[in-house]
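Trainee: I have a model open and would like to talk it through. Can we start once it is on screen?

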Amino acid sequence: MNQMAMMTLYSDFVSAVVSERDFIMYNQRGAPLTDPALECAGLVDLLWKLAGQHLSQEERNLQLAEFWSECRSDLVARGVDLNMYSTSANAADADDLRIALGYDQANYYGTSYGTRIGLFLLRDRSDGVWSIILDSAYPPEANYYTTYASHVAGALAALFDECSSDPACLARYGDLERLFTETIEQLEVEPQVITYSSGEVVVDGMMFMDVLYALLQSTPGRQEVPSFIMAASKGDFDPFRHVYPALLEYPGSMAVYYSFQCREEVPKHTFDEVVAEAADVPAQINDYAVQFFAALDYAVCELWGVQPYGAGEMAPVESNVPALVLAGALDPITPAQWSRSAAEHLSSGWFYEFPGQAHGTMRTSACAREIALAFLEDPRARPDAACIENTD
């Protein structure tokens, strides 16, 4: 499914909702277009600069940590209290918006981190929630950093197994796992340089892995991964060329990200525990998940200076509000077991897992959309999920 088809499918859901209901879009505090927006000038320029240098992971992380240290100082000097950018605050904002608009209750829908906001809304402000849809759940009890490497490894292993079990895929790509490993190893020895109008990008093994993992997160992107690996193994980086700028030009509101991650996730485990939990995953994935990704977050959180979560705040959320919890069986970032865990604590909840789907099932699955619309019609009745038998 191409990007246009995916967006059309998602807009179909929105259109079906607004034909009968008001539809309120909520932008969390600190994100772009809010006031104040937690933006630090120069991030995209720095990312382009770093992308053009073949730095060690330690050198790259040092420069990024220095940037975020200066960013934090600037935000604090502007009067920003970073402790006010948390999931608890986001949930309170969502409910205050409902109250300000004059609704007694509302249905809530969230995807990914939005599901954590939704769960905190159930915990703290449940009187205003008529029903809730959680797509690709990120519950407070999840252990993000200690499981990151194993989730990346599991997503790739599932893809490799699928290809080896599919005669057409096997004939086209051969041993895809071997091809992946050899490509990463070759790029570490001999990086490729791609020139854009904004600058050069040195594609080494970790840079390639970063883009590949971004593709794995969406169902359409995941379908492109075998050809993405094959092309790179032959020295063809046109697929990489088309994907990478989108990741660089809009890195998201990272100051907001660090505010809640440093408060809610990093305090759960030491970095040594993260390293230990990743010890058994393949070396290329270990390097990416631990030293390329987690090490930077832990370094930034050492200087970010927010208070860690309070006692019981990251415990599973218990609620009897009608809930629909959806998960993609192939989701590498919020795996299906996280959604299942969230659903187990929602006594009036329904849980559905979709084969062949990755992150954000309602964005790519007509079946997930159909089930969600049925749930909105009557949140207390189990929606018909017969469509799951026919993979989208």
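Mentor: We will go through the sheet, then the aromatic rings, then some backbone details.

Trainee: What kind of model is this, and how are residues numbered?

Mentor: This is a predicted model, in which local features need pLDDT of at least 70 and side-chain atom pairs count only at pLDDT 80 or more, while totals for chains, interfaces and linings use all residues. Residues are numbered from 1 along each chain as its sequence is written, and side-chain values use heavy atoms, with hydrogens and water left out.

Trainee: Which strands form the open sheet, and in what order?

Mentor: Four strands form it, in the order E1-E2-E5-E6, with parallel pairing. Strands (E, at least two residues) and helices (H or I, at least four) are DSSP runs numbered from the N terminus, and two strands pair if DSSP finds at least two bridges between them.

Trainee: Which ones are the edge strands?

Mentor: E1 (106-112) and E6, each of which pairs on one side only. From one strand to the next the twist averages 10°. Axes here are lines fitted to C-alpha atoms, for helices over the stretch in contact, and angles run from 0 to 180 degrees between N-to-C directions.

Trainee: How many bridges join E1 to E2?

Mentor: Seven, and the two strands run parallel. Asparagine 107 has serine 131 in E2 as its bridge partner. Strand E2 (residues 129-137) also pairs with E5 in the parallel sense, over four bridges; there, leucine 134 is partnered by valine 325 in E5.

Trainee: And what is on the E6 side of E5?

Mentor: E5 pairs with strand E6 (residues 349-354) over six bridges, in the parallel sense. Alanine 323 stands opposite glycine 349 in E6. E5, helix H15 (residues 336-344) and E6 make a right-handed β-α-β unit. Right-handed means that, with the strands pointing away from the viewer, the path from the first strand over the helix to the second runs clockwise.

Trainee: Is E5 (residues 323-328) covered or open?

Mentor: Mostly covered: six of its six residues are buried, where buried means under 20% relative accessible area, exposed over 50%, and partly exposed in between (1.4 Å probe, protein chains only). Ala323, Val325 and Ala327 point one way from E5, while Leu324, Leu326 and Gly328 point the other way, and all are buried.

Trainee: New topic. How many aromatic pairs are there?

Mentor: The structure holds 26. Rings of Phe, Tyr and Trp (its six-membered ring) pair if their centres lie within 6.5 Å; planes under 30 degrees apart count as stacked, over 60 as edge-to-face and the rest as tilted.

Trainee: Why is the pair of tryptophan 68 and tyrosine 258 called edge-to-face?

Mentor: The ring centres of tryptophan 68 and tyrosine 258 are 5.3 Å apart and the planes are at 70°, so the pair is edge-to-face. The pair links distant parts of the chain: tryptophan 68 is in helix H3 (residues 57-77) and tyrosine 258 in helix H12 (residues 254-264), 190 residues apart. Tryptophan 68 is buried at 4% relative accessible area, and tyrosine 258 is buried at 2%.

Trainee: How are phenylalanine 240 and tyrosine 244 arranged?

Mentor: They are stacked, 5.3 Å centre to centre with 15° between the planes. Both lie in helix H11 (residues 238-249), four residues apart, about one turn of the helix. Phenylalanine 240 is buried at 1%, and tyrosine 244 is buried at 5%.

Trainee: Which charge lies over the face of tyrosine 138?

Mentor: Arginine 116, at 3.8 Å from the ring centre. A charge sits over a ring if NZ of Lys or CZ of Arg is within 6 Å of the ring centre and within 35 degrees of the ring normal.

Trainee: Last one, the backbone. Where is the cis peptide bond?

Mentor: It runs from aspartate 35 to proline 36, with omega near 5°. Proline 36 is in the loop between helix H1 (3-18) and helix H2 (43-51). Leucine 33 is in the loop between H1 and H2 as well; its phi is near 80°, a positive value in a residue other than glycine, and leucine 33 is exposed at 87% relative accessibility.
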